[in-house]
Amino acid sequence: DTTGKEIIPPIYDYISRIGTNLERRVRQGQKWGAKDKSGVVIVPIQYDEISTFYNNSYKVRMGKKYGLIYPDLKLVPELKYDHFEEFEDEEGFFFFG
C-alpha cells in the first residue's frame with residue numbers, strides 16, 4: 001500500500017485487477033483465484049480461469065466446466081455448465097449455460 005505495508009506477498013506468478021472493488025485476480029502456477037483489497041483470498045486459487053460476472057460474482061472454469069462463485073455468500077458452485085453467459089434486454093438480466 002502507500003505506507004509500504006505488504007498486502008499481497010510476492011508468491012504469485014501474475015496479479016491483475018478484477019471487478020470494481022479493488023479485488024485482484026491472482027495466478028499461482030496454472031491456477032487462478034481472487035483476493036480482496038486487504039489480501040484475503042475470496043476465491044480459492046484452484047481454477048483454470050476466472051472472470052467477473054453479474055452482481056459481484058465470479059465466473060470460474062475448471063477443466064471444461066463452468067460455475068459461479070459469490071464471495072460474500074460463501075457459496076461454492078457445482079461446476080456443471082459447458083458454457084455460461086449473461087445478456088440483458090428490456091426485461092432484465094438472464095443467464096444461461
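Tyr14 is partly exposed, with a relative accessible area of 38%. Its aromatic partner, Trp32, is buried, at a relative accessible area of 15%. These values come from a predicted model.

**The aromatic pair**

- The structure holds 1 aromatic pair.
- Tyr14 and Trp32 make up this pair, and the arrangement is edge-to-face.
- A pair of aromatic rings is described by the distance of the centres and the angle of the planes.
- For Tyr14 and Trp32, the centres are 5.6 Å apart and the planes stand at 75 degrees.
- The angle counts as edge-to-face because it is over 60 degrees.
- Tyr14 belongs to strand β1 (residues 14-18) and Trp32 to strand β3 (residues 31-35), so the pair links distant parts of the chain, 18 residues apart.

**Charges over rings**

- Arg25 lies over the face of Trp32, 4.6 Å from the ring centre.
- Lys59 lies over the face of Tyr66, 5.1 Å from the ring centre.

**A buried lysine**

- Lys35 is located in strand β3.
- Lys35 is buried but has no salt bridge.
- The nearest side chain of opposite charge to Lys35 is that of Asp36, 7.9 Å away.
- The side chain of Lys35 does make a polar contact with the side chain of Tyr12, at 2.8 Å.
- A polar atom of the Lys35 side chain also lies 3.2 Å from the backbone oxygen of Gly39.

Key
Residues numbered from 1 in each chain as written. Predicted model: local features only at pLDDT ≥ 70, side-chain atom pairs only at ≥ 80, totals over all residues. Heavy atoms only, no water. Phe/Tyr/Trp six-rings, centres within 6.5 Å; stacked < 30°, edge-to-face > 60°. Helix = DSSP H or I, 4+ residues; strand = E, 2+ residues; numbered from the N terminus. Buried < 20%, exposed > 50% of the residue type's maximum accessible area, 1.4 Å probe, protein only. Lys NZ or Arg CZ within 6 Å of the ring centre and 35° of its normal. Lys, Arg positive; Asp, Glu negative; His and termini not counted. Salt bridge = Lys/Arg side-chain N within 4 Å of Asp/Glu carboxyl O. Polar contact = N/O pair within 3.5 Å; in protein donor to acceptor, adjacent residues only side chain to side chain.
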